[in-house]
Amino acid sequence: MTTLSHVRRSGRILQRLQPHKYNASNNLRVFLRNEASFVPKRVLIVKKLSRYYFEKLREPDLNEEELKVKLEERGSDYELMLASHIATNAVKNEVIEHLKKMNIEYRVVNRENLNPENFVWADLILPIGGDGTFLLASNLIFDNKKPIIGINSFPERSEGFLMLPPKYTKRIPEIFEMLRAGHYNVLMRRRIRTTIMGDNIWDPPFHAHEKGRVTGCEKFYTENLQKGAPNNLPKERRLPWLALNEVFIAETLSARTSSLFIKPDNEPEFHLVKSSGLCVSTGTGSTSWYKSINSVNSLVVQEILNLVDEKRQFSSEEIDKICSTFNSSLHVNAEELKLCYAIRDMIVTDVWPIPKSMQPRGLCNKLVVRSQCYDAGLVVDGGIAIPFNSGTKAVLEVHPEDSLRALILPS
């Protein structure tokens, strides 16, 4: 449904608008009951690789003052980078100290030394950083039984939607006390399973940052993924990464039009869609990129209302309320077994109209995509990417057994 039709179907929209009640009622449902006591035996700490540390790796020959000058010349905030780095290390050290007191085994990894065996070894995955670190850790959990709980190491500058509330950053012992007491809930966040078919589907993955050459170290993120593929491999491959937020499919060069055949659910035919790319999200991801693509702002709403009723003058409060209500309605429950798809900047002209029954966004159980792109990537959670060029097909689905077992503490 377009924004215009959404407004037109609401003749008395201002009278009907009700506050968004999902979060409050959901929190009440979550914490009216306790889970079983949980005391981990082996904890894997996945520590954020700080921007400060990364810049130190890039410039090994510079002393501290020279590094500061160079970063400030680029327009980077050296002091903020350093503060974030120090804060992350402080949280990590406090967690380790508490685990030692509890006689709990632990290991510490970061983006440099990820090893799937560590994730198998642990019975609790503990990301320390922000949402990017949480997503990185979740990509290496391959079942719905291993729990994960994340600590926001620098809440002053990181929202940390997937992490624990900011108060727990300063209350590390309380986290484990509440787990022991069963004062937590389990949220089964759905993830996207991707199966690709075609030629060259076993080509090495790359990282989205590497393709753009913005890191200055092109193999930094995925050198441990670069494995030579044997000959005579099958033409179908289930990707070993499950997307917690979204799968994005598009030409690598953003200025180039992405041509994709798209088929939601069991529709008999594909729709050829030309756009800036396809974003397929989970309920968790519906509050992230999916929401950014589909959200409306006050200027758009005001212009639409003026078209609907030229004589009525709407106040800024009324317009803001419409925006807030509409944007909140885009949220999908993280446990919903649905895919949310959004087509970015769908090309619509007199020559190229919207395909019949193919709306720019919607929900479905399964999505099949076939590429007509020249140099495209299928990107999992904004990180690891697989080449996805002409003739390659992808099937995106959500299965309960692929869910992520996230532990939630009260705010």
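Predicted model: local features only at pLDDT ≥ 70, side-chain atom pairs only at ≥ 80, totals over all residues.
**Exercise 1. Is aspartate 265 buried, partly exposed or exposed?**

Solution. Step 1: aspartate 265 belongs to the loop between strand S11 (258-264) and strand S12 (271-275). Step 2: aspartate 265 is not a glycine, yet has a positive phi of about 50°. Step 3: with 27% relative accessibility, aspartate 265 is partly exposed.

**Exercise 2. Determine the strand order of the open sheet of seven strands and identify its edges.**

Solution. Step 1: the order is S8-S18-S17-S10-S13-S14-S15, and the pairing is antiparallel. Two strands pair if DSSP finds at least two bridges between them. Step 2: strand S8 (206-207) and strand S15 (361-364) are at the edges; each has a single partner strand, so one side of each lacks a neighbour in the sheet. Step 3: strand S14 (residues 339-344) pairs with S15 in the antiparallel sense over four bridges, and leucine 339 stands opposite cysteine 364 in S15. Step 4: strand S18 (residues 384-387) contains isoleucine 384, which is buried at 16% relative accessible area. The C-alpha atom of isoleucine 384 is separated by 9.5 Å from that of asparagine 139, 245 residues apart along the chain.

**Exercise 3. Which residues of helix H4 (residues 51-58) are buried, and what covers them?**

Solution. Step 1: the buried residues are Tyr52, Phe54 and Glu55. Step 2: viewed down the axis of H4, they fall within an arc of 160°, so they line one face of the helix; the arc is that of the directions from the helix axis to the C-beta atoms. Step 3: their cover includes helix H5 (64-73) and helix H6 (78-101).

**Exercise 4. Characterise the packing of H4 with H5 and of H5 with H6.**

Solution. Step 1: H4 and H5 pack at about 105°, with axes 11 Å apart. Axes are lines fitted to C-alpha atoms, for helices over the stretch in contact, and angles run from 0 to 180 degrees between N-to-C directions. H4 is thus roughly perpendicular to H5; angles under 35 degrees count as roughly parallel, over 145 as roughly antiparallel, 65 to 115 as roughly perpendicular and the rest as oblique.

Step 1: Tyr52, Glu55 and Lys56 of H4 meet Glu64, Leu67 and Leu71 of H5 in this contact, where contact means heavy atoms within 4.5 Å. Step 3: H5 and H6 pack at about 120°, with axes 9 Å apart, and are therefore oblique to each other. Step 4: Glu64, Lys68, Leu71 and Glu72 of H5 contact Tyr78, Glu79 and Met81 of H6.

Key. Residues numbered from 1 in each chain as written. Heavy atoms only, no water. Buried < 20%, exposed > 50% of the residue type's maximum accessible area, 1.4 Å probe, protein only. Helix = DSSP H or I, 4+ residues; strand = E, 2+ residues; numbered from the N terminus.
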